[in-house]
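Me: Can you walk me through some helix packing? Here is the model.

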Amino acid sequence: MTDKAPAAFGPAGFDTRARGGITNVTTLGTGVLGSQIAFQTAYAGFTVTAYDIDEAAVAAGATRFDALVGTYAEAFGDPEAAAAARTRITVTHDLAAALSDADLVIEAVPESPAIKTSTWEQVGKLAPAKTLFATNSSTLLPSSFKDATGRPEQFLALHYANEIWAHNTAEIMGTADTRADVYDRVVEFATAQGMVPIRIHREQPGYVLNSLLVPLLNAAGNLLVDGIAEPEDIDRVWRIGTGAPSGPFEIFDVVGLTTAYNISTMGDEASQRFADYLKTNYIDQGKLGRSSGEGFYRYGD
């Protein structure tokens with residue numbers, strides 16, 4: 001496939017000849033990116049079970065999946081394929097049931113070491129012996145919680161970009177314990193899923209994408225907190241000066257301010273000041289970014 005999925009690209013164009021021996025995929029977390037990962041996987045023809053922690057989270061996830069039907073219908077020009085993808089997704093808050101026949105688990109829970117470690121400890125105890133494990137962590141190294149799985153040789157990182165249907169990279173990063181055949185099977189899966197697999201040769205915080213993106217976002221956050229300029233003007237300078245389609249605060253809204261907050265709390269003093277700013281001025285007021293209708297910008301229907 002091409003490096004970027006064109007508008008007319010549909011399931012018939014996905015390379016499904018090699019799927020890494022994977023049929024049933026379980027995703028953990030139905031937030032902004034977790035729901036996209038699940039839907040993209042279902043759109044490529046896999047059977048997907050999407051898990052979240054309780055009935056409220058499951059209901060919110062189901063709503064996101066319903067909305068993604070329209071998103072995929074518009075992006076790929078195939079409403080029937082988008083509707084069919086939705087039928088291949090089962091949503092549950094029963095973790096044991098979600099894992100019962102999983103060939104691959106993709107974790108997209110909040111970017112918190114404690115939450116991810118706890119999640120993988122539970123998954124490692126419940127998943128079948130055949131199951132491969134992948135974390136979608138955007139900044140944390142997979143080696144920091146590989147041992148929590150109890151099967152570090154079957155564990156790696158599989159990182160996606162937001163708006164996965166258009167920005168279709170899959171950064172694949174193993175640890176010193178990851179078996180070569182596990183790595184290769186996940187590369188095959190990502191290809192069949194409609195992704196462009198990017199092989200990361202050794203562990204790197206932020207992979208490739210966020211190693212490039214995070215310094216930009218950090219600089220924008222510092223400019224705002226230090227009172228240098230307003231978000232709209234910082235974005236305007238970046239768009240005009242570089243020709244980029246989006247400024248850093250527009251990107252924050254797409255990523256989600258909760259994710260930005262969680263990552264910033266783990267950073268240096270400047271990052272923590274930005275985290276406090278986000279919490280006080282946005283998150284505590286329910287302004288979480290594009291997904292909630294308002295963040296640094298307000299979004300219509």
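This is a predicted model: local features need pLDDT of at least 70, side-chain atom pairs count only at pLDDT 80 or more; totals for chains, interfaces and linings use all residues.

Me: At what angle do α7 and α11 cross?

Reply: Roughly 65°, with the axes of α7 (residues 209-225) and α11 (residues 269-281) coming within 9 Å. Helices are DSSP runs of H or I, at least four residues, numbered from the N terminus. Axes are lines fitted to C-alpha atoms over the stretch in contact, and angles run from 0 to 180 degrees between N-to-C directions.

Me: What does that make α7 and α11 to each other?

Reply: Roughly perpendicular, a class that covers 65 to 115 degrees.

Me: Which residues make that contact?

Reply: From α7, N218, G221, N222, L224 and V225; from α11, A270, S271, R273, F274 and Y277. Contact means heavy atoms within 4.5 Å.

Me: And by class, how do the residues of the α7 contact with α11 divide?

Reply: Into 5 nonpolar, 4 polar and 1 charged. Ala, Val, Leu, Ile, Met, Phe, Trp, Tyr, Cys and Pro count as nonpolar, Asp, Glu, Lys and Arg as charged, and the others, Gly among them, as polar.

Me: Switching to α8. Which residues meet there from α7 and α8?

Reply: L216, A220, L223 and L224 of α7 meet P231, I234 and W238 of α8. The contact has 7 nonpolar residues, no polar and no charged.

Notes:
Residues are numbered from 1 along each chain as its sequence is written. Side-chain values use heavy atoms; hydrogens and water are left out. Helices (H or I, at least four residues) and strands (E, at least two) are DSSP runs, numbered from the N terminus. Angles under 35 degrees count as roughly parallel, over 145 as roughly antiparallel, 65 to 115 as roughly perpendicular and the rest as oblique.
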